[in-house]
Amino acid sequence: MHPERADRGRWCLWLGLTAVVLLAAVPLRAETTEEGLDQGRVYAIQDRAFRMNHEFGLSLGFLPLDAFYKMFSIGGHYVVHFDEMWAWEAVHLTYSKYLDVDTGLRSELADRWDASPTDPEENRIDFALDTNLMWKPLYGKSTLLGDTVIFGETYLLLGIGTEKFETAWYPAINLGLGMRIFLGETISMRLEVREYIHFGESTGGTLLFALSFCYNAFAEDLLKPAALPVQGVTP
Amino acid sequence: MRARLWIGGAVLVAGWLLGAPGWTLAQEGEGGGGDGGGQGDEPTAEQPAPAPAPAPNLSEEELKQLEGAVEQKVQVGPEVFDEGVKLFYEKKYIGASRRLWDYMAGNEKGAENYGYAEFFLAQAFEKLGLTHAAVEYYYNVAKDRTKPELLPDALVALERITRRYPFDQDLVLKDLLYDTNFGYLREDLREFILFYQGLLDYRSGFVRWGRNHFAQLDKGSYYYYKAVYVEAVYELVRYNLDKALEMFREILAANVKQTDVMNNARQSVARILFEQKKYAEAYAMYEQIDAPIEKQATVFLEEAWAQYYMRNYQRAMGLLYALEAPAFFRFFGPEKYILKSLIYKNLCHYNVAKDAISEFLQGYGEAVRAVYDRVDLDKNPILLDAALQDPIMVERGKFQSLLDTELNSLDRFDSQWTENGLMAHLQRIYGLKIQEVNRLLQVGLQDSLRRVAERLLEYEEQMNLLEYEIGLSIYKRLKGAPTQKEGKAEEIPYYGLQAYYEFDGEFWNDELHDFRFFIEDRCFSEERWE
């Protein structure tokens, strides 16, 4: 996508989403204040039901913003989780060559206006390869239909990589926001949105929506936290 | 104060077991639904008994009707019986009931197939979800024994129903099992009868006879462990704690496949350990109880006491907070305010300790005033609600609910059973039994109300004492020239292996066991002051 088509609104959206995540994360640091000391405060303290270790995932994606082609993608990733807050997405690959659908805009332009774009082919992305830092500030649970409790976490991604277009390679930075739903101790599902911003002869962005199914390898190696002491007052 | 809890608990358990309706509580977890007949809404264990209607006096005639006496006698041939049986085997239970009733209504009890007709009718009723009507006719078959070959099948059916549903205990246990000599029976039925004969002996105070009956049970059988439970509760009531503990542990070691029996045994063991001041062990045993959360109110309260004595006030208070959950909204728990106040007092938070006393008065003050004013106790909704949660009342209430449900379900058969009088007959049976159960509920309610009122007055007295002690503590502290507490806020970690969910008033059932209370201990320098 050409820089002139880059939508300022998209940046606003990104900033807004990031702000929401950050603001939501702030109350996580619940701290007993002087105000609460007289009556006391109550916490439900539970061992984390799910913890990630070595994550392998396969994904299906959609790149919606090119007016001439709607691109689909397949991908994969490997993430090593350091702890409950930080992880490193060592490799993330999105492959979309040959997975495009012509929107018909080019022929419509030619038929109705006798116009043609300069070279839409050059903006078709073949694949993106990147590595990211993952920050997971939100962890919690929800009820599904008022019956089943499901656990999930929300994460932010920030990383570097490269994008390969039809005609050239470009270095890129990568921003992402996603949500993981734990389906079991070893299986989880990620729904995320990423924005690649590439630099070089031309600067532009690529928006990617992806749904991933992840396998949590070596989950059993993680320390079971049951025996850990709970912080707090012990008179 | 905790001793009172214990005594209350012991009486509760004793009432649960040795009281009239005890065992069906232990039986409710076994069954699934009925086997195909459309059993209606079975009352749940936690529903308190419904308030009884005024008790009528039953006339002789009504009592005869209750026994199922058949009045119409228009001679009907055996082909009607054959047709009824044929329909039964074709699983057309409504039609089968109608024809079998036609046959019974047109013949004397001594008629050739009368006993069989009663048996098939009972089976058809059971299939249709009319368990009380089924019990009435199984009872007739087993009691009259006009067809002795049907006795084992009738007893098997009764045993099945007694395990799954609330049932007429007077009819089945007292009139049939306790009063009848059945002669030789196969092993499983013999155990069923021996157990209930032993249980009724215990209830009547004939302990030696009860032991004799229980001694004949096969070790390791289903009824053997039920008998061990009865004996353990008996020892518990006599305060033979070690012996009772040994018996309960025998049940736990057997790991019988009846969750509620295991949970009751666990709770009993925990209570005994608590009495023996083994608080950590008691708490560990409480934690093993895996009953549905709404049945764990007493468990939470007793756990809180155990934690209190372990000086883990954080956990104890967390458990008390859990008792505020909607799942326990009918739990009669004035005791929790005593414990709450004690915890605050022990942390030298005297103002909130007094607030807990105010909370008690807010919740139960009206009921206390009603007792002092000597108004009718059943007019006070708090006392009435608490009285209806008495295990005996709950048990009777469950039976009453079952009768109501089954009586209402008779409408489904209106078109087929009205013409030949079966509908009217069943409505009479159910109506009279409901009246009888209501009368028993009314009688039981007065006793239960009195017990609740006495407990409430005890709690009020303890609250007054506690208020005085708090005042005394405040005075001592003032005298000791208090200093400003150098409070240090407890930090909740950003992240870690445990998730900290701050309680914001919304209760999640999965969190109730995990509440912790964060409050500073202001008694840090009491000793220094003194």
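This is a predicted model: local features need pLDDT of at least 70, side-chain atom pairs count only at pLDDT 80 or more; totals for chains, interfaces and linings use all residues.
**Entry 1**

I started with the confidence scores. Chain A averages a pLDDT of 79, and 74% of its residues score at least 70.

**Entry 2**

Next I counted elements. Chain A has three helices and 10 strands. Going along the sequence, I wrote its pattern down as α-α-β-β-β-β-β-α-β-β-β-β-β. Chain B has 24 helices and two strands.

Then I looked up burial. For chain A, 27% of the 235 residues count as buried. For chain B, 46% of the 530 residues do.

I also checked how far apart in sequence the contacts reach. In chain A, taking contacts between residues at least 6 apart, 65% join residues at least 24 apart. In chain B, 68% of the contacts with a separation of 6 or more come from residues 24 or more positions apart.

**Entry 1: two hairpins in chain A**

Strand β6 (residues 125-144) and strand β7 (residues 148-165) of chain A pair in the antiparallel sense over 17 bridges. One pair I looked up was Ala128(A), whose bridge partner in β7(A) is Glu163(A). What sits between β6(A) and β7(A)? Three residues do, making a hairpin, and Leu145(A) in the turn has a positive phi of about 55 degrees.

Moving on, β7(A) pairs with strand β8 (residues 169-182) of chain A, again in the antiparallel sense, over 13 bridges. Here Glu153(A) has Arg180(A) in β8(A) as its bridge partner. A hairpin of three residues joins β7(A) to β8(A).

A reminder to myself: strands of a sheet pair through backbone hydrogen bonds, either parallel or antiparallel.

**Entry 2: a sheet made by both chains**

I liked this one. There is an open sheet of three strands with the order β1(B)-β1(A)-β2(B) and antiparallel pairing.

I zoomed in on one pairing. Strand β1 (residues 41-47) of chain A and β1(B) run antiparallel and are joined by five bridges. Tyr43(A) stands opposite Glu502(B) in β1(B). Helix α17 (residues 313-322) of chain B packs on the sheet, touching β1 of chain A together with β2 of chain B. The direction of α17 makes about 120 degrees with that of β2(B).

**Entry 3: the nonpolar cores**

The largest nonpolar core has 157 residues. Which residues have the most contacts inside it? They are Leu100(B), Tyr138(B) and Ala154(B). Helix α23 (residues 422-479) of chain B gives the largest share of this core, 16 residues. Apart from it lies another core, of 11 residues, including Met71(A), Ile125(A), Phe165(A) and Tyr196(A).

I then picked out Ala154(B). Leaving aside neighbours within four places in sequence, Ala154(B) is in contact with Phe119(B), Tyr138(B), Val141(B) and Ala142(B).

**Entry 4: checking helix α6 of chain B**

At 1.5 Å a residue, its 14 residues should span 20 Å, and the end C-alpha atoms are 20 Å apart, so the two agree. Is α6(B) largely enclosed or left open? It is largely enclosed by the rest of the structure, because 14 of its 14 residues are buried. Just after α6(B), Gly129(B) takes a positive phi of about 85 degrees.

**Entry 5: a look at Glu235(B)**

Last, I looked up Glu235(B), which is found in helix α12 (residues 222-237) of chain B. Glu235(B) has 18 C-beta neighbours inside 10 Å, so it counts as partly exposed; being buried would take 20 or more. Leaving aside neighbours within four places in sequence, Glu235(B) touches Asn240(B), Lys243(B), Ala244(B) and Met247(B).

Note on methods: Residues are numbered from 1 along each chain as its sequence is written. Chains are lettered from A and ligands numbered from 1 in the order in which they are written. A nonpolar core is a set of buried Ala, Val, Leu, Ile, Met, Phe, Trp, Tyr and Cys residues joined through C-beta atoms within 7 Å. A residue is buried if 20 or more other C-beta atoms lie within 10 Å of its own, exposed if 12 or fewer, and partly exposed in between; C-beta atoms are placed from the backbone. Helices (H or I, at least four residues) and strands (E, at least two) are DSSP runs, numbered from the N terminus. Two residues are in contact if their C-beta atoms, placed from the backbone, lie within 7 Å. Two strands pair if DSSP finds at least two bridges between them. Axes are lines fitted to C-alpha atoms, for helices over the stretch in contact, and angles run from 0 to 180 degrees between N-to-C directions. The expected span of a helix is 1.5 Å times one less than its number of residues. pLDDT is the predictor's confidence in each residue, from 0 to 100.
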